Amino acid sequence: MNTYKLVVAGPRGKMGREAVALCLRESQFELVAVIDTQHDGALLKDLDGYIEGDIPVYTNMERCFSELHVDVLIDLTTPAVAKTHMEIALAHGVRPVVGTTGFTEDDIHSLRAQAEQKGIGAVIAPNFAIGAILMMKFAQMAAQYMTDVEIIEQHHDAKLDAPSGTALKTAQLISEVRAPKTQGHSDEEETLAHCRGGDFEGMRIHSVRLPGRVAHQEVLFGGEGQTLSIRHDSLNRASFMPGVKLAVEQVMTLKTLVYGLEHLLD
Ligand SMILES: NC(=O)C1=CN([C@@H]2O[C@H](COP(=O)(O)OP(=O)(O)OC[C@H]3O[C@@H](n4cnc5c(N)ncnc54)[C@H](OP(=O)(O)O)[C@@H]3O)[C@@H](O)[C@H]2O)C=CC1
Ligand SMILES: O=C(O)C1=N[C@H](C(=O)O)C[C@H](O)C1
């Protein structure tokens, strides 16, 4: 059985906590350190919400990767720092598995070039939940036949980016099979700014932020006399962990950057 030496960045976050728990319970995963900007020199058990774990905490990722042998970085932090984290990991030959959202297409191209130059794998997965991947694939399939599409995503109100990475990825997948098309009435006017949502090649994306929500998305299709709704709900963050596990296992065999868990499922 292969074993993997892992580092988690963002261990006090909502997703980071789940990822640490995953690393601690999977026998082939060995958590060798965590990256936390506020607790240099501490141990995991010293962080808020943790009561065990003699695992070192680093504030400095470069130092962590210089001092320890690390196979995979799991990054669940913020859009502001995730790209830099990936660059540091790739420079040290550490394979990044990144759930953090907010990457632009240019970011992805440049990170892919860095991964290929190093000859190692990297994964950016806007959504690790298998049901969400299916929702996106079904939506792409439906868009070949029903080209009027609106995406409504709903998240908790602590989310930093809008639209969600999942909504953007869904729109990108749909745009592979749907020609750009303006939707709604040609004389349509917004009397309240942004009422019609974000415009991605004519598809509208609406972002709802409310306390009590976790992660939800509905893709709505309209045709003459009919509608189709494809919906996925993540009810807790455990829903993302089988996808994180799969990505860690697969990233070791890749030699490029893969954007989207769907590429690892087939
Ligand atoms: N791909 C997927 O399936 C999923 C992706 N996500 C994405 O994952 C990311 C995290 O989400 P979530 O856990 O809800 O967010 P949280 O805000 O709960 O957690 C983010 C954590 O990152 C920490 N952090 C910020 N900067 C750094 C840094 N430089 N080094 C180390 N840690 C840092 C924060 O620490 P501090 O408190 O000190 O700022 C915080 O603890 C988001 O981008 C979200 O969109 C979320 C769910 C599923
Ligand atoms: O911030 C979140 O919570 C989530 N972020 C990801 C996204 O932006 O799509 C994945 C999931 O929707 C939860």
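Me: How many residues surround ligand 1, and which are the closest?

Reply: In this predicted model, 25 residues surround ligand 1. The closest are G10, G13, M15, G99 and F128. Two elements give two or more residues to this shell: α1 (14-25) and α3 (79-91). The largest share, three residues, comes from α1.

Me: What classes of residue make up the shell around ligand 1?

Reply: The shell around ligand 1 has eleven nonpolar, eleven polar and three charged residues.

Me: And which residues surround ligand 2?

Reply: They are T101, P126, N127, H155, K159, S164, G165, T166 and A215. By class, the shell around ligand 2 has two nonpolar, six polar and one charged residues.

Me: Back to α1. Which of its residues are buried?

Reply: M15, G16, E18, A19, V20, L22 and C23 are the buried residues of α1. Their cover includes β1 (4-9), β2 (29-35), β4 (72-75) and α7 (241-251).

Me: How do I read backbone angles?

Reply: Start with the general rule. Most residues other than glycine have a negative phi, and most peptide bonds are trans. Now the cases here. The peptide bond from A162 to P163 is cis, with omega near 0°. P163 sits in the loop between β7 (148-155) and α6 (165-175). H194 is not a glycine, yet its phi is positive, near 70°. E201 is not a glycine either, and has a positive phi of about 50°.

Me: Why does H194 count as exposed?

Reply: Count its neighbours. H194 is exposed because it has 8 C-beta neighbours inside 10 Å, and the cut-off for exposed is 12 or fewer. E201 has 15 such neighbours inside 10 Å, so E201 counts as partly exposed.

Methods: Residues numbered from 1 in each chain as written. Chains lettered and ligands numbered in written order. Predicted model: local features only at pLDDT ≥ 70, side-chain atom pairs only at ≥ 80, totals over all residues. Near = placed C-beta within 6 Å. Helix = DSSP H or I, 4+ residues; strand = E, 2+ residues; numbered from the N terminus. Nonpolar A, V, L, I, M, F, W, Y, C, P; charged D, E, K, R; others polar. Buried ≥ 20, exposed ≤ 12 C-beta atoms within 10 Å, placed from the backbone. Contact = placed C-beta atoms within 7 Å.
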